[in-house]
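Good morning, everyone. Please look at the model on the screen while I talk.

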Amino acid sequence: MVPSLKILFFAKSRELAGLSSAEDFLVPHAEIKCSDLLDLICNQFNLSIIRNNVILAHNEQYCDDLAETIRIRNGDELAVIPPISGG
């Protein structure tokens, strides 16, 4: 069975993806490298321009190492957090 997770987009990632709410996303494998998952998301949701500056959080835990393999279960949550600017 192909696992499905809910992706939450914030700030610039939401703008580029053209979405105003969470999106269901099918992951090809239950175990996947964070970098491969990021590539899939960037390609599908038009985020390539910010790909090198995005942080992923899987079930509220930052994916600090993109070489890390994570296990995806149905209903997991993935946050796409772009660079934040402020004053």
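In β2, the bridge partner of S4 is L26. Before I go further, two notes on the model. It is a predicted one, where local features need pLDDT of at least 70 and side-chain atom pairs count only at pLDDT 80 or more, while totals for chains, interfaces and linings use all residues. Residues are numbered from 1 along each chain as its sequence is written, and side-chain values use heavy atoms, with hydrogens and water left out.

Back to the strands. Helices (H or I, at least four residues) and strands (E, at least two) are DSSP runs, numbered from the N terminus. Two strands pair if DSSP finds at least two bridges between them. β1 and β2 run antiparallel, joined by 4 bridges. β1 and β7 run parallel, and 5 bridges join them.

Now, which side chains of β1 point to one face and are buried? They are L5, I7 and F9. By buried I mean under 20% relative accessible area; exposed is over 50%, and partly exposed is in between (1.4 Å probe, protein chains only).

Stay with K6 for a moment. D24 forms a salt bridge with K6, and the closest N and O atoms are 3.0 Å apart. D24 lies in strand β2 and K6 in strand β1, so this pair ties together parts that are 18 residues apart in sequence. D24 is exposed, at 52% relative accessibility. K6 is partly exposed, at 34%. A salt bridge here is a side-chain nitrogen of Lys or Arg within 4 Å of a carboxyl oxygen of Asp or Glu. Side chains of opposite charge can pair when their charged atoms come close.

How many salt bridges does the structure hold? It holds 4. Another one joins the side chains of K12 and E15, at 3.2 Å from N to O. These two sit 3 residues apart in helix α1 (residues 11–17), so about one helical turn separates them. K12 is partly exposed at 36% relative accessibility. E15 is exposed at 55%.

E31 also forms a salt bridge, with R71, and here the closest N and O atoms are 3.5 Å apart. E31 is in strand β3 (residues 31–33) and R71 in strand β6 (residues 69–71), so the pair ties together parts that are 40 residues apart in sequence. R71 is partly exposed, with 41% relative accessibility.

Next, the inside. A nonpolar core is a set of buried Ala, Val, Leu, Ile, Met, Phe, Trp, Tyr and Cys residues joined through side-chain atoms within 4.5 Å. The largest one has 22 residues, and L37, I41 and L47 touch the most other members. β1 (4–9), α2 and β7 (76–81) each supply at least two residues of this core. The largest share, 5 residues, comes from α2. Take L37. Leaving out residues up to four places away in sequence, L37 touches F25, V27, I32, I70, I72 and L78. Contact means heavy atoms within 4.5 Å.

F25 leads us to the aromatic rings. Rings of Phe, Tyr and Trp (its six-membered ring) pair if their centres lie within 6.5 Å; planes under 30 degrees apart count as stacked, over 60 as edge-to-face and the rest as tilted. By this rule there are 2 aromatic pairs. F25 and F45 form a tilted one, 5.8 Å centre to centre, with 50° between the planes. F25 lies in strand β2 (residues 23–26) and F45 in the loop between α2 (34–44) and β4 (55–58), so the pair ties together parts that are 20 residues apart in sequence. Both F25 and F45 are buried. Together with F9, they form one aromatic cluster.

Last stop: the loops. R51 lies in the loop between α2 and β4. Not counting residues up to four places away in sequence, R51 touches S35, L38, D39, C42 and L66. Then comes the loop between β4 and β5 (61–62), the place of N59. N59 has a positive phi of about 50° although it is not a glycine. E60 is found in the loop between β4 and β5 too. E60 has a positive phi of about 70°, and it is not a glycine either. N59 is partly exposed at 35% relative accessibility, and E60 is exposed at 68%.
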